[in-house]
Amino acid sequence: MSQAVRTRPEGSGQPLSEAYDTALLDLDGVVYAGGNAIVHAVDSLAVARAGGMHLAYVTNNALRTPDTVAEHLTELGIPTGADDVITSAQAVARLISEQVPAGARVLVIGGEGLWVALRERGLTPVESADDDPAAVVQGFGGPELTWGRFAEASYAVARGVPWFASNTDLTIPSGRGIAPGNGAAVEVVRIATGKEPQVAGKPLPPMHKETIIRTGAKRPLVVGDRLDTDIEGAFNGGVDSLLVLTGVTDGAQLLAAPPQHRPTYVDADLRGLLTGQPEVGPLTAGFRCGGWTATAGADRLELEGDGEPLDGLRALCAAAWTAAGEGSCELDGGKALARLGL
């Protein structure tokens with residue numbers, strides 16, 4: 001069923017932690033960056049949890065196991081059990097298990113997270129294309145993943161063995177900068193074979209399905225920093241989303257977002273879970289939020305007023321998304337964003 005095109009961020013009279021039963025939180029750029037907790041994350045999550053909100057952590061990274069991720073979060077001051085971590089390795093393992101016989105061999109090109117997830121589903125991980133695998137799966141394996149592993153995948157896929165990928169994120173953040181992600185490794189096998197994998201991770205439905213199965217969420221809120229994975233994943237799953245500005249998305253990208261990348265709510269960081277969200281109201285010309293009024297001109301977005309910068313950004317989103325309709329806004333919002341310091 002098609003969804004209505006979102007033309008402005010929504011308001012909420014309740015704190016989001018009360019309006020939704022479960023927060024489906026991305027990790028890097030939302031909860032931590034470079035392994036360290038993002039400012040306000042630990043305290044905000046503690047308050048949300050104490051108020052009854054279930055917190056679940058949803059990651060496209062297939063390298064680490066849920067136990068490892070939970071241990072890291074707990075060390076940061078966010079008490080977490082492995083059952084509250086959902087990875088793309090788990091999602092792809094379920095996808096494979098639905099298409100191959102029980103106990104089938106699966107050629108693994110990736111790290112520990114994939115091996116653990118496959119065994120959880122009763123499948124048998126193997127390392128060679130000559131082990132008669134019923135499927136091939138690729139997931140991020142870190143710098144230890146050698147060129148020979150991609151060759152093994154290519155041999156099997158070229159023979160017609162079904163091919164799966166945990167996710168196709170082309171890049172992954174590291175302590176030294178941006179590194180190639182699993183999507184780059186998938187491209188190697190695609191070039192060698194001319195084949196296409198089935199993909200499980202965000203923003204695709206298998207990841208959302210896995211998350212709902214494991215959390216039992218009835219009214220979930222996706223919380224993320226990326227438009228093309230977190231917010232699009234929420235859109236594909238038909239659930240609401242909160243974009244936080246502690247990660248990769250900046251104001252210009254948000255204003256230009258096509259419908260599938262437009263979040264329900266926008267806030268600076270995870271403190272947004274603990275508050276209501278202001279209404280963005282239409283005017284005869286433009287939109288108003290707080291002390292700001294935004295309009296779409298002939299070639300650029302205009303902003304008047306003063307007050308909380310985030311209110312100005314919300315008003316600009318309404319003007320830009322309304323002007324763009326089902327497309328991407330091409331109006332220049334640079335001057336307006338500069339007024340807000342964004």
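Predicted model: local features only at pLDDT ≥ 70, side-chain atom pairs only at ≥ 80, totals over all residues.
Local features are reported at pLDDT of at least 70 and side-chain atom pairs at pLDDT 80 or more, while totals for chains, interfaces and linings use all residues. Residues are numbered from 1 along each chain as its sequence is written, and side-chain values use heavy atoms, with hydrogens and water left out.

We may start with the parallel sheet. Six strands make up this open sheet, in the order E5-E4-E1-E13-E14-E15; helices (H or I, at least four residues) and strands (E, at least two) are DSSP runs numbered from the N terminus, and two strands pair if DSSP finds at least two bridges between them. At the edges stand strand E5 (85–87) and strand E15 (265–267), each of which pairs on one side only. On average, neighbouring strands are turned by 25° against each other, direction ignored.

E1 runs parallel to E4, joined by four bridges, with Thr 22 opposite His 54 of E4. Four bridges also link E1 with E13, again in the parallel sense, and here Leu 25 has Val 223 as its bridge partner.

H4 touches strand E4 (54–59) and E5, and its direction makes about 60° with that of E5; contact means heavy atoms within 4.5 Å, and angles run from 0 to 180 degrees between N-to-C directions of axes fitted to C-alpha atoms, for helices over the stretch in contact. Helix H9 (residues 227–237) touches strand E13 (220–224) and E14, with its direction at about 155° to that of E14.

Helix H4 (residues 88–97) also meets another helix: its axis and that of helix H8 (residues 205–215) come within 9 Å and cross at roughly 100°. The two are therefore roughly perpendicular to each other (65 to 115 degrees; under 35 is roughly parallel, over 145 roughly antiparallel and the rest oblique). Among the residues making this contact are Arg 94 and Leu 95 of H4 and Glu 210 and Ile 213 of H8.

Turning to the antiparallel sheet, four strands form an open arrangement in the order E16-E17-E18-E19. Strand E16 (281–282) and strand E19 (301–305) each have a single partner strand, so one side of each is left without a neighbour in the sheet. E16 and strand E17 (residues 287–289) pair over two bridges in the antiparallel sense, and Gly 281 has Arg 288 of E17 as its bridge partner. Helix H11 (residues 309–324) packs on this sheet, touching E17, strand E18 (292–296) and E19, and its direction makes about 20° with that of E18.

Finally, Asn 182 lies in helix H7 (residues 182–193) and is buried, with a relative accessible area of 3%. The Asn 182 side chain reaches the backbone oxygen of Asn 167 at 2.7 Å. Not counting residues up to four places away in sequence, Asn 182 touches residues including Gln 138, Phe 140 and Asp 169.

Key. Buried < 20%, exposed > 50% of the residue type's maximum accessible area, 1.4 Å probe, protein only. Polar contact = N/O pair within 3.5 Å; in protein donor to acceptor, adjacent residues only side chain to side chain.
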